[in-house]
Amino acid sequence: MKTTEQVRIRTRGYERRRRELELVIISDVITVFAWVLGFFGLHPNGHIALFNPWLAIVVVAPIGAHITNRYVAANADAILLPLAALLNGLGFVMIGVLDPQQGQLQALWTLVSIAAYVATMILVRNPDSLDKYRYLLAIVGIGLLFSPLVPGVGENIGGERLWVHFGTLSFQPVEIAKLLLAIFLASLIVEKKDLLARLRGGGFRRFGPIALTFGIALAIMAVEKDVGFALLIFITFVIVMWIGTGNRIYLLFGAVTFVLGLLVGGAVLPQVHQRITVWLDPWKYAATTGYQLIQAQYAFGIGGLSGTGLGLSHPTVPVATSDFIFAAFGQELGLLGTSAIIISFLLLTGAGIRIALRAHSEFSSLLAMTMTIILALQTFFILAGVIRVLPLTGMTLPFLAYGGSSLLANYILLAILVRISHRSNQHADPRESPLVES
C-alpha cells in the first residue's frame, strides 16, 4: 500500500511533467513562429512549405526528451528542458536564416544531441555512481583535451588546434572533456574536503589541484591556442574549490595565479596579447583583427530596441552563426530579443543553482553546482566578449550558436542536472531538504 508521502511525491511528479510538456509546446510554438517570420523575411512573395523536415526535427526532438523524462525522471524540475529547447529552436532559426546549409546540419546535431540526452538519462540512473569512476573520467578528459595534438587526427582551424576529424566529421573534444573534468573535480573536493578546507596543515598540497589546473590551462593556451576554454577550466576550478571547501583563500590564490598567468600569457603568447589589444581599441585594427568586434557593435546599433525583424536584414557580422550569433540576434531582434535570451540563460543558471542546493548528497550537490558554473561562465564569457565587456574568448554560446560538439555536450550536461533534480525530489519535498535548511 502506498503511503501518503509516496502519493504526494507521485502527484507532484505528474504535475511537473504536465507543466514541462506545456512549456515545451510553448517553446516549439515560438520556434515555428520565428521560423515563419524568418522565411517571409527572406522570401516576401514566397510560398511556405506545409512541412519542413529540418524544422520538424527541432520541434519534435524535445518532445521525445520530455517523454523520456516522464518515464525515467518524473520528479525532475520542469523548467530545464523547455528553456534549452527554446534557445536551441531560436538558434536553429537564426542559423537557417543566415546559412540554410548550416541550419540543416544544426537540425541533425539537435537530433543527435537529444539522443545523447536520452541515453544519458537511461544510463546514469544514479548520479552518485559517477563518483566511482573519477580517475578514469579524469584520464579520459585530459586525453580528450590534448587529442587535437595527435598527428593525422587533430585539425587546425582559424589558428586554433581544437578539432579532431574522422573523415568528413569534425569534433571539438574539449566540450566533452570539460564535463568529465567537472565530475572529477566534484568527486575530489568531496573526498578531500577536510584537508582542503583547513587553513593550517596540509602545506602547499592544498594548492596542488589549482597549480595542476593552472598548468593544464597554460598548456592549452600555448599548444592549442585556445584561450577561452583554458580560462573556463581554470576559473571553474577555483570557484568550485571555494564553494566546496568554504575557504576563501582559494579565491585569493586563484586571483593571484590568474593575474600572473595573464601577464605571462600576454607577454609570451601572441594570441593572448592580440585579444587584449583588440579589446582595448578595436578601431585601431578595424581592417584586420578588430573588424569582427566593430561589426558587432554596428549590428547592435542597427537593431536598436526592437530589431529589424527576422530575415529582413542580413547581418554582416563575420561568423554570425557561431561566435557572433548574439550580435546577429541584436540586429534582427534588438534589445528586447537579446534581453529575452539573457533572461533565458539566467533562468537556466538559477534552476541549476536550485538543483545544487536541493541535491540529496554532497557529491550530487557539488556536481550540479560545477555543471551550472560551466554553463553560466561559458555564456557570460561569450556574451561579454561580443558586447566588449571582456576580450573575446572564442567559445560557443550554449544551445544557441552553431556547433555540434557544443550542442551535444550541453544536452549531456542538461541530462545530468535533470537526473540530480529527479533524485532529489523523488524522496522528499525539496523545501524540507536538510541541505537547504543547513
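Which residue forms a salt bridge with Arg-134? In this predicted model, the partner is Glu-191, and the closest N and O atoms of the pair are 1.9 Å apart. Arg-134 is buried, with a relative accessible area of 9%. Glu-191 is partly exposed, at 44%. Asp-131 joins Arg-134 and Glu-191 in one network, built from salt bridges that share partners.

The whole structure holds six salt bridges.

Another salt bridge links Arg-18 to Glu-22, with the closest N and O atoms 3.1 Å apart. The two residues are four apart in helix H1 (residues 4–42), so about one helical turn separates them. In an α-helix, residues three or four places apart point the same way, because each turn takes 3.6 residues. Arg-18 is partly exposed, with a relative accessible area of 40%. Glu-22 is also partly exposed, at 39%.

Helix H12 (residues 291–303) has 13 residues. From first C-alpha to last, H12 reaches 18 Å, close to the 18 Å expected at 1.5 Å a residue. Its buried residues are Leu-293, Ile-294, Gln-295, Ala-296, Ala-299 and Gly-303. Their cover includes helix H11 (270–280), helix H13 (325–358) and helix H14 (362–386). Just after H12, Gly-304 takes a positive phi of about 60°.

Definitions and conventions. Residues numbered from 1 in each chain as written. Predicted model: local features only at pLDDT ≥ 70, side-chain atom pairs only at ≥ 80, totals over all residues. Heavy atoms only, no water. Expected span 1.5 Å × (residues − 1). Buried < 20%, exposed > 50% of the residue type's maximum accessible area, 1.4 Å probe, protein only. Contact = heavy atoms within 4.5 Å. Salt bridge = Lys/Arg side-chain N within 4 Å of Asp/Glu carboxyl O.
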